[in-house]
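Hello,

Here is the structure you were to receive. My notes on the metal site and the ligand beside the sequence follow below.

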Amino acid sequence: MGFDHRKYVAFQPVQKTDRRWPDQVIQHAPTWCAVDLRDGNQALVKPMTVAQKQRLFDLLVKLGFKEIEIGFPAASQPDFDFCRKLIEENRVPDDVRIQVLTQARPELIARTYEALEGAKNAIVHVYNSTSTVQREKVFRMDREGIKEIAVNGARIVKSHAEKQPGTNWTFQYSPESFTGTELDFAAEVIDAVNEVWRPDQGQPVIINLPATVEMATPNVFADQIEWICDNVKYREHFQISVHTHNDRGCAVAAAELAVMAGADRVEGTLMGNGERTGNMDLVTMAMNLYSQGIDPTLDLSGMAEITDVVEACTEIPTHPRHPYAGELVFTAFSGSHQDAIRKCLSTYKEGDKWEIAYLPIDPRDLGRRYEEVVRINSQSGKGGVAYVLERDYNIAMPRWLQIEFSKVVQQAAETEGGEVDSDTIHRLFEEKYLAVRPEWRLRTYDLHRTDDGVTATVEFGSERLSGEGLGAVEAVAAAVEKRFDVRLAVEAYEEFALGEGTNANAMACIRIQVNGEPHSAAALAEDTTSATLQALLSAVANHVAVTETSASGTATA
Ligand code: KIV
Ligand code: ZN
């Protein structure tokens, strides 16, 4: 009985017949305002110290934010102190506007202006709650009473600013809980506030529309924003800002659709820290723009530094799947994804447009490496394993060996139950294919070519054998067949020169049938013929080893 959907009431959609935002395409970044130091900070188990705030503020400036909400100085002494520190120590660049929040109450507004004394540029952000539920249940006030709080706040904000003319003031008003406010009433309050501030007469004004609680799908929020843009006075003279929270998990989408619907400015936090499920994540929204070829006007290329600082200041770890920032977001474990990425990357050249399957952006743009893209576990296929061996060890396996070796790696992954790193993959390859028993180690070979074919002499371990055939492999195979009384049939072999980074110059891979049983081996050597002949000997050695083991097993039994 406790889990009963009938307890909830569906959000009523906006009745709109002139909807234009669905046809809009975002062409440029909005004005950003980072509210990490205020909204984000208010949501922390342990609010930031002044030192932490300073560290995060410096990061925000470095990333390119020009508007930063630094606190709620009238409500918190550390916020007041931090505000004073920034101003007195001249820590705010001239092109950055600090923003502070205050409720629309006279004594709090007065204290807010005290905190801002001497600031060059500042945004005073005043708010009161306007939603139906807050009016009726929290404040027990009618619409007029709530509007009066806003208008009175606006008047006091204006009069304090007049007494501190040395600062470039911007006024910001938020009808808090806007998403739960009737649109006509929200517009009425906004108009009343602007009637005091008069943005049309030159006063810079921001009207911030918060989804204090995300209550509906993002399209409904976009409808609300477009409706307000169409129905408020002085629209062309002030900025519309949005401030979305993530209760339904759509804060970024809501902000994006709001920009399509006419919003000029977006408030949010790095990595989305904030009340409950958080604020709109600035990193995700900015990177979404970047991935569409739009300059986000923020430099997020040092993502590791961003996550380090945010984690240190909020004490909240970054989820490994966090868009653009998480440890695993550029990693493919699945075989088919790895294959596709490998193929796309192999033809990608610097300067090309980015069209790589499964990677919406180039990980290197955020300071990540291609090395992290392909990681191997039991879900990975031949492509991924081959990619890792080639990338890290210059070993380019032929396709038939990829198929065979990926099963070896998969078994190891299943046994270990997790990821198999590059070192382990290489070790498995060495153990399975490259290991040479001393008694099978090729010492010398001699090839004598005649019109009929090749006579080959090989010395390995204590053996010296000669055989004839059409080519070197066939000749050595004939010699080995005779000496060990086995039947050999070469199924496939491939030899190739190795790139830099190894001691050997050549590698060969071979798959042969020995008495009808398949054996594969590989060898590294200074030249391709040595590598091929050693691979052949190693493959036969595997067979002999298996035969010996089963023979001694039988004897023991
Ligand atoms: O979420 C909210 O409504 C706020 C306001 C104070 C803007 O943080
Ligand atoms: Zn908020």
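Zinc site and ligand 1

Along the chain, the donors of the zinc ion (ligand 2) are spaced D-x203-H-x1-H; donors here are N, O and S atoms within 2.8 Å of the metal (3.2 Å for Na, K and Ca), and water is not among the atoms, so sites may look incomplete. Asp39 sits in helix H1 (residues 36-42) and His243 in strand E7 (residues 239-244), so this pair ties together parts 204 residues apart in sequence. Helices (H or I, at least four residues) and strands (E, at least two) are DSSP runs, numbered from the N terminus. The protein donors are Asp39 (OD), His243 (NE2) and His245 (NE2), at 2.0 to 2.1 Å from the zinc ion.

This is a predicted model, in which local features need pLDDT of at least 70 and side-chain atom pairs count only at pLDDT 80 or more, while totals for chains, interfaces and linings use all residues. Residues are numbered from 1 along each chain as its sequence is written, chains are lettered from A and ligands numbered from 1 in the order written, and side-chain values use heavy atoms, with hydrogens and water left out.

Ligand 1 is surrounded by residues that include Asp39, His243 and His245, each with a heavy atom within 4 Å of it. For His245, a side-chain N or O atom is 3.0 Å from an oxygen atom of ligand 1.

Regards

Key:
A polar contact is a pair of N or O atoms within 3.5 Å; within protein, one must be able to donate a hydrogen and the other to accept it, and residues adjacent in sequence count only if both atoms are side-chain atoms.
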